[in-house]
Structure formats: C-alpha cells, structure tokens
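Welcome, and thanks for taking a look at this model with us.

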Amino acid sequence: MVTGIARVKNKNGIHLRLAGELVKAATRFQSRVTVSKDGREVDAKSILGVAGLGAEFGSELQFRAEGSDENDAVAHLVSLVENEFARETN
Amino acid sequence: MDEAKIEKKEITFSGIPASPGIAFGEAFVVNVEEQPVAEEHIGAEEVDAEIDRFTSALAATETELGNLHRALEDEMGEEHGKILDTHRMILADEIMRGDTIRAIRERKVTAAYALHLTLDRVLTTFAGIKDEFLRERAADIRDVRRRVLHNLLGQKIEGFSALRKKAIVVARDLTPSDTAGIDKKYCLAFVTDSGGSTSHAAILARSAGIPAVVGLTDLSRHAKPHDQLIVDGITGTVILNPTPESIDMYREVQARYRELERELLTLRDYPAVTLDGHTIELSANIEVPDEVDDALSHGARGVGLFRTEYFFITRATLPGEEEQYRYYASVVKRMPSDPVIIRTLDVGGDKIARWVGDLEEANPFMGWRGIRFTLARTDIFRTQLRAIFRAAAHGNVKIMFPMVSVLEEVRLAREICEEVKEDLKRNRYQIGEKAEIGVMIETPAAVAIADHLAREVDFFSIGTNDLVQYALAVDRGNTKVSYLYDALHPGILRLLRDTVAAARKNKIWVGVCGEMPSSIQGALVLLGLGLDEFSAAPYLIPTIKKIVRSVTYDETRSLARKALGMGTAREVREHIERYIRDKRPELGEFLPEAAS
C-alpha cells in the first residue's frame, strides 16, 4: 500500500468538474484508490464521493492506493492536484 | 374551462428587465420543486425487475443527457457543454448505481425510493461542506436525480419538451441544460425568480428577441400552470392574473411598442447623421459573442464596449489564452471591418470573480478593480492581452483599459502591451499590431488630467455610470441617496466638456459607453457636447439613431452650451424638454411619461 499527500492549491477547491477529472485519472489505474480529507475517506473513482469531500483551497488530501500500479497511481494523482489543478487559477 | 369562477387576484411583481418587449399568455411553470418520494416496499420476487427498471432509467437518462450535451455544444459552444459531461459522470457513478441497487435488494424498496435514499445521503454530505461554492455543486446532483426520477416514474421530464403551445416560461432559474430543450417558437417570454441581466436566460432571450424579466424572487411559487401573465420586459414588471383593465392598458403599451420598434428598425441601414450632416458612430455594448447578432440586427456599426468580465466570472477557473483568443476572435470575425473595442478585465467593485479568492474590501468601488487589478495580476493581464492582440489580426480591434486614475497606469499597461506584442511576433503569431489603445474615463481624476492622458492614448471612452457615481459621490444602489444620482448634473456636463476638449486638442476621438445616451435628454446633450461615438445596449440603438437623425447638430450644440451654464440638473432637464416640445415635438414620444 502506498500513500501520498497533496495540498489543494487552486482557489476554488476541488469542485465538480475537477472532481470529475480526478476520477477519470484514478480510473485509469488498476489499483483500488481512496482519497481522504479530515479523516473522511472515499473512493477516488467516485465523482460523488470526491466532490462530497468539499476539498477547499488550502485543504489537504491523502491518497491511498493498493494494487499492481499503486506507486504510479499515488504519484500521478498527487501531481494532478498539486500541479495541474493549481494552474486553474494562475 | 377554469372551474374557479372566483376572480383570481391580480399580483404585480417587479424584477430586472432582461430583454425588451411585451408578452401576454398562459404560464408554463417548470416544476422546480422536487416531488417527495414515498417509501414503498416491494416483494422479494419483484427485486430483479425493479433493478432492471432502475438500470433502464439510467440508460434512458444517459441518452437524454447525451442529446442535450450535443445540442448545448452546438448552441453555446464547447465550454457550456462541459457541465453536462460531469452530469453524465454522476449518472455513471458507482455510488449512484451500486448503492441504489443494493438498497433495492436489501431493503426491498422501489427503485425511486432507493435512489432517493442514496442521493439523500450524498446530499447530506454536501450540505456539511464548509465552502459555499463547493457546497452549491449539490444543485447539479439534484438536477441529475430529477432526470433519473422522471425516467423511472415514466414521466416526461417536466422540461421544455412539454412546451407544445405558445406560453410564457416561468421558472425558478433556467440552466443551460434546461434552455437547450426549449423550442423557441413556443416561448412567448421568459420569467425567472433568480438571475441578473447577464444570466443565461436573459442572454438567450435577447438573442432570440423574446421578452424576459429576471430576478423576480418568488413568482414561480405564485404562478400556477395556465395562469394568465403579462410580461413587460421594458420596465421589468410581471402581472399575474391581470384584471381586464390591466390587459387593456398593456395591449396599448404593446401596440405602441411594436409600432415604434417597426419604425425604428427601418432605420437599421441608415447612418446616425443629424439633419445638418454631422455623423456620429453608433456602436453596441456587448457581454457575450452571441450578442453580436443582436447588435447587427439593430444597426450597430461595431462594438463600442466588449465587456470581458462575463467570460471570467461565470466560470470556476481562469480561461487560458487559446480559449480567450477563440472567444474574442468569434466577435471580430463577425464584424471584420467595424471597430470592436475590447475592454480588458474589469473585475472588482460589484463583480468580484470567484477565483480572486477572499477579497473583503470595506469599499470595493474604491478598491482593487479595473486596471489596478490587472496591473497587480500581470499573469492574467498578459494572457488576456496576448489573446486580444491575436484576435486583432482578424479585424479592427481597439483595446481599452478601465478605471484609470493615474498616468503611470497607462504607461505601465502600454509597456506590457509592447512586450506582449514583441513576444507574439517572435513566436510568429499573426497579430493586429496597429490596434489602437485607449482608456475609459470614469474617475474625476482622469478628467482632470485628460490633457496628459490624451497625449499617451489613441482614444477615450467615457463610462458615464461610474463617472457620475464617483463625481457625485453617490451610490445609486443606496435608496437614501440615489435621488442624487443624475447624469444631467451640470457638474457632470462640465466634466464631459473638459474631456472632449482635451481629446480635441490632441486629435484623438472620444466616445461614451455608459447608460447616459439611453435617455433622450442624455443623448441630445452628449451630441451637443461633441462626442464622436455612442455605445449602448443593442436594443437601444434604433432609438438613439432616430433621435440623432431628427435634430440638427447646431441646435444641440446651443442646447449643450446653455445647459453648461445652468446650476441644477432640473433646470437642464426642463430646458431640454422645452426644446423638444417647441422645436422637435415628434420626439415627444421618447420622453418618459410624467409620473402622475
């Protein structure tokens, strides 16, 4: 099992569309992937789950993956949130 | 047909006029309130059939969303289609599908109730989200739930496919996915509880030439299907269950409006020239590219103010260069030979974009807005300028900076323009290198240094709304002082005179893009003060043109000269009204009716 932490850097937080992008990215991996915020953990492959976290600007997300591509999954999702999503405002 | 013989009581609602015109008709109320779903149990042998019903409803909804998605993309562009993409993801979500099926199987309840349970849990989670913006995304989930439920219960979505005869569409709000399903030939008018004049419904109504009133607060809760309505898109009034007297009165208003409109539209292809041959440029204020059609059909020669904020504030994220380029170019390509004046981002004040972050200002109108904002966020500014210079390759684009109060702002902004142009050229982009650069005159300080400004820019455009509010120190949204807000205040006229004089002296042109020319008094005095260009909302253009074509420049000049010597706005107004009565009585119809 691999875990990784990402900080939400875009001003609007993980709103529905970004949650959708995150889910699309997570779905590409075989591993079971979850994401949690403030102790609440949801399936990273569910848009309702991810959007329901209400991950606002500045909040911290923890990814956890288990499976054949767990390393790649966590690295990719952390980078998605910290780099690509961050560019949404800049 | 109506069993109720008792007269329904007339109620008058007032909202924000969003698209002009008068409409009479029956209400077509879109059921926005969700129906409660009752807890209903099923037998064990019915479980599999119920699950099948549920999965077919999901499939039917998916087809429906797919069709809407395509329709919306065709109508409003790719960007607007994206929202339906997320709706489709919600539909396919494992929670949506899996949890609901599990509930049907384990609790032996109907699919409708199982879905209700599943999404209620999701919505409860959303309700606990601290961040307001993120919390409000729950609306999208409700939207999807509504669609699935309708398919499940075998009802046609109470949407607009049911609109099969002419009616007035009444809704709490209209989303792009709603309006994509509307057959406009059956729609007499739109009225909505929420929204401002730039809401989706308002823009759609204007481009379709249908009257609309928005911001009516709670009309949709009072209006029942088939209730009679009168919609006055000019004043923003909606009358529910009108009395015969009201109907008669509005029939007259409608007849007058139609006649005037017909007459005015015959002027479309004529220039705005006075009887003695003085021509002014008459151009349109627009907020979205779709309004170009409106501008052209009303006889505008170019765009005098293309507000770019709308594109930024209606979205959760900043648009990139390519996207902005396509957006601006779509306007320029429709008017390749007429000027299109693009105003750089004017956020702040009353329209703070979501992505600016927390911006608490005690006095936003004197705060971080217009060019102050873009010079601080040069990343946003440069991206926008790059997109504008590239769009300028397709026509006659001019760039305008809002809220200038000191000369350094102009110098800095021009420097950035030069850098952006150099960089674009180095990278072999086609650009409109010669695009004129101007400033908005909307602070009293800008008027006072207009001579200096005029030496460093190619044109002025006076934003009368802000200039009046800053010069008179009046917030017109404040009902205690709004009576003081008057563009005919002689102090304002003097500021306008000084601005024109500074422009003349430096041989640059000067226009006006606020609301001032929309009243006949304002239009006449601006004409007489020597403004070169008026820019106004498309639907106002025919009226202004008619006024300009009915007078001589000479007489408006002496009208303005006299007004400049007066002490009060009231004297100015009476002076102009006297002139109209004595010299140009045919213009009397443009005078607002005296409040009796």
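**A sheet and a helix pair**

A:V35 has A:V42 in β3(A) as its bridge partner. This is a predicted model, in which local features need pLDDT of at least 70, side-chain atom pairs count only at pLDDT 80 or more, and totals for chains, interfaces and linings use all residues. Residues are numbered from 1 along each chain as its sequence is written, while chains are lettered from A and ligands numbered from 1 in the order in which they are written.

**The sheet in chain A**
- Strand β2 (residues 32–37) of chain A pairs with β3(A) in the antiparallel sense over four bridges; strands are DSSP runs of E with at least two residues, and two of them pair if DSSP finds at least two bridges between them.
- The open sheet has four strands in the order β1-β4-β2-β3 (chain A), with antiparallel pairing.
- β1 (2–7) and β3 (40–43) of chain A are the edge strands, each pairing on one side only.

**The helix pair in chain B**
- Helices α13 (residues 321–334) and α15 (residues 378–391) of chain B pack at an angle of about 40°, with axes 8 Å apart; helices are DSSP runs of H or I with at least four residues, and axes are lines fitted to C-alpha atoms over the stretch in contact, with angles from 0 to 180 degrees between N-to-C directions.
- That angle makes α13(B) oblique to α15(B), a class for angles that are not under 35 degrees (roughly parallel), over 145 (roughly antiparallel) or 65 to 115 (roughly perpendicular).
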